[in-house]
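User: I would like a close look at a single part of this model. Please keep it brisk and give the cut-offs as you go.

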Amino acid sequence: MDSCGHETLIACISGCSGIRTKASWVWLFTDMVALIGFVFDHTQEIEERLRAGPGAQCRENQETLPNRWTLSEIAKVFPFLANYSLAGIWKVLQDAGFCLRAARTQMYSPDPQYQQKLEHLLAVLEQVARAPSRFVALFVDEMGFFRWPDPAPDWGARAPAPPPVADRKRSPQRQWRIIGALDALTGRVTTLDNYIVGRRQVCAFLQQIDRCYPNTEKIYVIMDNWSIHTHAEVQAQFKLLPRLEIVWLPTYAPWLNPIEKLWRKFRQEVLHLHRFADAWDQFRQRCRAFFAQFAQGSQALLRSVGLLGNGKLAVALRSP
C-alpha cells in the first residue's frame with residue numbers, strides 16, 4: 001500500500017462514526033493490520049529517525065526545538081500517522097515494537113590512555129584467575145553517607161493517604177565515610193570507616209589489606225585517580241608495602257570499578273528510608289553489619305556487581 005493509499009485509509013478510519021456493522025469492523029481490522037504491516041516494513045527507517053531526535057518538522061517556532069519525542073511530534077514526522085489520535089499512534093507503535101524507554105547515560109572517559117589502562121586491567125584479572133593462590137586483585141574506592149535517611153519509593157496506601165517519609169526525627173545532620181576493597185575473585189569485602197577518609201586513613205587501609213592477605217605474593221590495588229591516591233604520603237606507603245601494586249583505572253570510568261555497584265546496593269538496602277536518624281551509633285553499626293556479611297566472600301555479590309557473567313571483567317576472570 002503506497003502513502004496515498006494510507007492517507008485514504010486513515011481518512012476513512014478517522015471519518016467512521018456511529019454504529020458499525022460486522023463487515024465494517026472486519027474492514028477496519030484488516031486495514032489496521034495492513035497499516036501495522038506497513039510500519040513493520042519501515043521499522044529500520046523509523047528506528048533511525050527516532051534515534052536522531054526531533055528535527056525541524058517539530059519546531060513550533062524559531063525559538064523552540066523539542067529535545068525528546070512525543071506522540072504528537074512523531075505524527076508530524078511520519079505522514080501515515082498524521083490523522084491518528086494519540087492513543088492510535090501509541091497502539092500502532094507498540095504493535096510494531098516501539099515503546100517509551102528510559103535513557104541511559106553514555107559512558108565516556110576523556111583519558112587518552114583509556115584503552116591501554118583497560119587492557120592492563122584485564123591482563124591483571126586474567127593473571128589472578130590463572131594463579132589465585134599467588135595473586136589477588138582488589139577494587140578499592142571510597143564513599144560517604146549521611147545520618148538523615150535518603151527518600152525512596154516504598155509500599156503504602158494510595159493518595160490521599162500521606163506518602164512514605166524519610167523521617168529525620170529532628171536529629172542533627174552528620175556525615176560518615178568508608179573506604180572499601182572488593183576481592184575480584186572471591187567477593188570478599190574489607191572496609192574501614194571514619195568521619196573522614198583522607199591520606200592517613202588510606203594509608204591505614206593499605207596496611208589493613210596487606211594484613212588480610214598474609215600469604216599472597218602480590219596484591220593488585222585497583223583504584224581511580226582521586227588526588228588522595230596520588231598524594232606523596234600514600235605513594236610512600238605503597239613503597240613500604242612492596243606486595244601491593246597500584247593498577248590505575250582510566251579517568252572518570254566508574255563502570256570499570258565494580259565496587260561502585262556495592263555502594264549502590266548499600267544505599268538501596270541500608271541508607272534509603274532507614275529508621276535510625278535518632279540512633280547514630282546504632283545506625284553506624286548497622287552499616288558495618290551490611291559489609292561484614294561479605295567478609296568471607298560472596299558469589300552472589302560477585303554476580304550482582306558484574307564480576308560473574310558475560311561482561312569484560314567477568315570474562316577476564318574466567319581465563320584458565
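In what sense do strand 4 and strand 5 pair, and over how many bridges? Please go on from there to the surroundings.

Analyst: Strand 4 and strand 5 (residues 244-248) pair in the parallel sense, over five bridges. This is a predicted model, in which local features need pLDDT of at least 70, side-chain atom pairs count only at pLDDT 80 or more, and totals for chains, interfaces and linings use all residues. Residues are numbered from 1 along each chain as its sequence is written, and side-chain values use heavy atoms, with hydrogens and water left out.

Strands (E, at least two residues) and helices (H or I, at least four) are DSSP runs, numbered from the N terminus. Two strands pair if DSSP finds at least two bridges between them.

Strand 4 covers residues 218-223.

Strand 4 is mostly covered: five of its six residues are buried. Buried means under 20% relative accessible area, exposed over 50%, and partly exposed in between (1.4 Å probe, protein chains only).

Next, the core. A nonpolar core is a set of buried Ala, Val, Leu, Ile, Met, Phe, Trp, Tyr and Cys residues joined through side-chain atoms within 4.5 Å. The largest one has 44 residues, and L121 is among those with the most contacts inside it. Elements giving two or more residues to this core include strand 4, strand 1 and helix 6 (114-130). Leaving aside neighbours within four places in sequence, L121 is in contact (heavy atoms within 4.5 Å) with F139, I222, V247, L249, L256 and L313. Another core, of 21 residues, lies apart from the largest one; V136, I179, V202 and F205 are among its members.

The side chains of D210 and R243 meet in a salt bridge, at 2.9 Å from N to O. The term requires a side-chain nitrogen of Lys or Arg within 4 Å of a carboxyl oxygen of Asp or Glu. D210 lies in helix 7 (residues 199-212) and R243 in the loop between helix 8 and strand 5, so the pair ties together parts that are 33 residues apart in sequence. Both D210 and R243 are buried. The structure holds eleven salt bridges.
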